[in-house]
Amino acid sequence: MTSQFQTTSLPPALTSAASDSEARPAGDRVTHLRVDEASETQRIDNYLAKVLKGVPKSHIYRILRSGEVRVNKKRVDAEYRLQLGDEVRVPPIRIAETAAKPSVSNIKVKLAEQVIYEDDAMLALNKPAGMAVHGGSGISLGVIEQLRLERPQAKFLELVHRLDRETSGVLMIAKKRSALTALHDAMRHHRMDKRYLMLVQGQWLDSKRKVTLDLQKYVTEEGERRVQVVDEPLLNTEPGGRKSLKATGIVAKRHAAKGKFEVETQVSETWFYLRENLGAYSFLQAKLITGRTHQLRVQLSHLGFPILGDDKYGDFALNKQLSKQGLKRMFLHSSETRIAHPLTGEPLHLVAPLPIELESFLQQQRQLKLIK
């Protein structure tokens with residue numbers, strides 16, 4: 001039986017420190033890596049997991065505890081955050097064999113035409129509907145994996161935030177760790193104006209309406225994760241309530257008809273604006289205040305205005321009819337984002353035009369309204 005790791009037996013040998021984006025640890029000698037901007041502020045354990053692909057995390061923590069890993073010739077613990085220019089000593093280690101990556105010439109370019117903004121710090125895409133932002137759960141290539149394949153020379157590419165698989169629109173990618181940190185900070189402190197467009201079932205009457213609801217995640221009997229609105233979330237004094245959950249890390253669950261519910265709830269807030277009434281449907285714009293999982297979909301469904309084409313929280317019978325009329329996806333689009341540039345502070349206005357399939361369906365409904 002062959003081992004999945006390359007064995008090492010040669011004695012350690014010092015190498016000159018190379019940029020961490022230009023060199024990778026060798027299996028037969030000590031390697032010294034110089035921390036560049038792509039890894040600045042990253043925890044040493046996460047950094048080692050990145051450069052030692054295939055090596056179990058347990059082994060990484062062992063070589064940290066034993067002092068075999070040194071930063072600037074000193075021992076560090078797993079929580080140490082790297083600084084620009086740090087020299088990391090990586091000992092000889094067994095590195096997992098990996099399958100050969102596809103050559104660039106064999107990669108189907110999917111995202112080059114979707115770029116709506118780019119500079120040295122970040123880029124923004126108009127993400128196509130049906131494409132997950134990252135791989136997993138049976139998806140081999142998401143946006144970030146595809147982008148890394150299309151840009152093998154890129155030193156750093158990381159998702160700033162997420163969009164649901166069936167949602168199209170503005171998706172930000174950081175090209176520098178400093179940009180990623182700054183964008184996350186802006187999002188955390190609500191210094192971002194993110195707008196969505198959606199077509200919903202029913203006649204929305206308010207020109208402007210703020211919706212605030214408590215959301216709770218649960219798992220269905222089929223094992224799928226869902227979110228629902230809870231009218232009476234557990235109090236802080238109850239086991240598993242918000243304060244005790246935060247303080248002790250206890251995740252209490254209770255059984256219900258639809259599955260198992262996580263006791264922790266999250267407040268969701270959105271401003272909704274009426275753009276157009278189209279008879280049986282309403283064209284809305286939403287401004288996110290919070291960014292919870294499935295926030296817009298769950299809020300609108302709870303209020304009786306499900307998003308057209310939503311296969312999780314929508315009107316399934318109506319969706320079937322709409323598919324025959326040409327709407328074969330969810331009508332939810334991240335249309336624009338206003339945020340300060342993460343490094344320069346200059347205002348950015350990122351705009352993703354409404355996809356042609358959504359624009360065509362919208363025009364179709366406008367024509368039908370005129371006929372009626």
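A residue counts as buried when its relative accessible area is under 20% and as exposed when that area is over 50%, with partly exposed in between. The structure discussed here is a predicted model.

β8 pairs with β6 in the antiparallel sense, over 6 bridges. At one point of contact, Leu123 has Ile173 in β8 as its bridge partner. Strand β7, residues 158–159, also pairs with β8 in the antiparallel sense, here over 2 bridges. Ile173 turns up again in this pairing, as the bridge partner of Leu159. With β15 the direction is parallel, and 2 bridges join that strand to β8. Here Ser168 stands opposite His333 in β15.

Strand β5 covers residues 115–118 and strand β6 covers residues 122–127; the two pair in the antiparallel sense over 3 bridges. They form a hairpin, with 3 residues between them. Within this pairing, Glu118 stands opposite Leu123 in β6. Leu123 is also the residue whose bridge partner in β8 is Ile173.

Next come two helices. Helix α8 runs over residues 356–371, which makes 16 residues. At 1.5 Å a residue the helix should span 22 Å, and its end C-alpha atoms are 23 Å apart, which agrees. Which residues of α8 are buried? They are Leu358, Phe361, Leu362 and Gln365. Seen down the axis of α8, these buried residues fall within an arc of 100°, so they line one face of the helix. On the other side of α8, Ile356, Leu370 and Ile371 are exposed.

Two leucines in loops come next. Leu343 lies in the loop between β15 (332–340) and β16 (347–351). Its relative accessibility is 42%, so Leu343 counts as partly exposed. Leu343 and Ser178 are 165 residues apart in sequence, yet 7.7 Å apart in space, C-alpha to C-alpha. Leu205 is found in the loop between β9 and β10 (208–220). At 71% relative accessibility, Leu205 counts as exposed. Along the chain, Leu205 and Ser282 are 77 residues apart, and their C-alpha atoms are separated by 9.0 Å.

The last feature is empty space. Rolling a probe the size of a water molecule over the atoms shows where such space is left. The largest pocket holds about 1,600 Å³ of space. Its lining consists of 41 residues, and Arg162, Leu163, Asp164, Thr293 and His294 lie nearest the centre of the pocket. The elements that give two or more residues to this lining are α4 (177–188), β9 (192–201), β11 (225–229), β14 (281–288) and α6 (295–302). What kinds of residue make up the lining of the largest pocket? The residues divide into 13 nonpolar, 14 polar and 14 charged.

Terms used:
Residues are numbered from 1 along each chain as its sequence is written. This is a predicted model: local features need pLDDT of at least 70, side-chain atom pairs count only at pLDDT 80 or more; totals for chains, interfaces and linings use all residues. Side-chain values use heavy atoms; hydrogens and water are left out. On a 1 Å grid over the protein atoms alone, a cavity is a set of points where a 1.4 Å probe fits but cannot get out, and a pocket is an open set with protein on both sides within 12 Å along at least five of seven lines; lining residues have an atom within 4 Å of a point. Grid points are joined across faces, edges and corners, and a volume is the space filled by probe spheres set on the points. Helices (H or I, at least four residues) and strands (E, at least two) are DSSP runs, numbered from the N terminus. Ala, Val, Leu, Ile, Met, Phe, Trp, Tyr, Cys and Pro count as nonpolar, Asp, Glu, Lys and Arg as charged, and the others, Gly among them, as polar. Two strands pair if DSSP finds at least two bridges between them. The expected span of a helix is 1.5 Å times one less than its number of residues. Buried means under 20% relative accessible area, exposed over 50%, partly exposed in between (1.4 Å probe, protein chains only). The arc is that of the directions from the helix axis to the C-beta atoms.
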